[in-house]
Amino acid sequence: MVLTVDVGNTNIVLAAYEADQMLFTSRIQTEPDKTADQYAIAFNSILHLNHVSEEGFEGAIISSVVPPLQTTLKTAVAKLLGCRVLTIGPGIRTGLNIKIDNPAILGADLVCGAVAALKKYKPPIIIFDLGTATKISAIDKFSSFVGCSISPGIGISLHALSTRTAQLPHIDFDTAQNVIGTNTIDSMRSGIVFGTASMIDGMAQKYRSILGEEATVVATGGFSQVITPYCETNILLDPTLVPDGLYCVYRRNTDK
């Protein structure tokens with residue numbers, strides 16, 4: 001078995017694979033102040049919750065956009081599983097041709113998402129990752145990563161609305177019923193949900209005008225399942241894209 005750990009700014013996503021099949025996926029809150037032992041205990045509980053023993057793991061791989069946690073989590077996983085632990089970074093072979101100004105600064109999550117997308121879909125590909133930030137990745141017809149766009153995510157936008165204005169309340173994120181809201185909460189939900197969906201439709205068309213109209217559009221990330229039903233663009237929903245990419249990178253660096 002192989003454990004993948006995708007560390008985001010808000011959540012950590014764990015997934016286990018055996019014989020190229022995902023056994024489970026689970027999500028916990030990212031807490032930079034936790035120690036390696038605390039994370040080891042949390043990960044052990046998740047394994048047992050999914051009826052998976054910590055014994056029998058051949059290895060693990062970590063992708064992190066929170067640099068202070070990388071060493072902590074590597075220590076936690078190694079202590080828990082007693083196996084080798086790889087991390088996405090310098091020296092790791094991804095097979096991805098990155099054509100941006102400085103390939104070394106490309107986020108590990110964007111790398112893994114692109115690797116999985118190229119394994120699953122025909123390029124050119126546009127990837128929308130709807131998490132703490134909304135990230136759009138472009139892969140051209142030659143399978144090269146050529147750039148991206150980054151904007152505030154839904155959670156950040158809602159938080160900014162309620163904390164930076166005097167009369168808009170804190171609200172729970174929910175689905176939107178009407179484009180034109182008739183009360184404050186429905187109006188905020190309309191702006192977030194329909195506004196984000198319209199941004200996705202607009203950016204997808206702009207990206208396609210550059211990459212080619214036949215470009216495949218894929219969505220992943222914590223908010224993707226909520227927003228994509230409101231989009232007019234034909235979008236393939238792939239919630240496990242980043243863990244799948246991590247697993248692909250692990251295999252590329254360990255299989256003989």
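Here is a look at the cavity search and then at the strand pairing.

First, some ground rules: this is a predicted model, where local features need pLDDT of at least 70, side-chain atom pairs count only at pLDDT 80 or more, and totals for chains, interfaces and linings use all residues. Residues are numbered from 1 along each chain as its sequence is written, and side-chain values use heavy atoms, with hydrogens and water left out.

A cavity here is a set of points on a 1 Å grid over the protein atoms alone where a 1.4 Å probe fits but cannot get out, and lining residues have an atom within 4 Å of a point.

Who lines it? The lining consists of D109, L110, G113, A114, I127, D129, S137, T220 and V242. Two elements give two or more residues each: α3 (108-120) and β7 (125-130). Of these, α3 gives the most, with four residues. Helices (H or I, at least four residues) and strands (E, at least two) are DSSP runs, numbered from the N terminus.

Now for β9 (residues 144-152), which runs parallel to β6 (residues 97-98) and is joined to β6 by two bridges; strands pair if DSSP finds at least two bridges between them. I98 has F145 as its bridge partner in β9. Strand β8 (residues 133-139) pairs with β9 too, antiparallel and over seven bridges, with K135 opposite I150. β8 and β9 make a hairpin with four residues between them, and S143 in the turn has a positive phi of about 70 degrees.

Notes: 1 Å grid on protein atoms, 1.4 Å probe; cavity = no way out; pocket = protein on both sides within 12 Å on 5 of 7 lines; lining within 4 Å.
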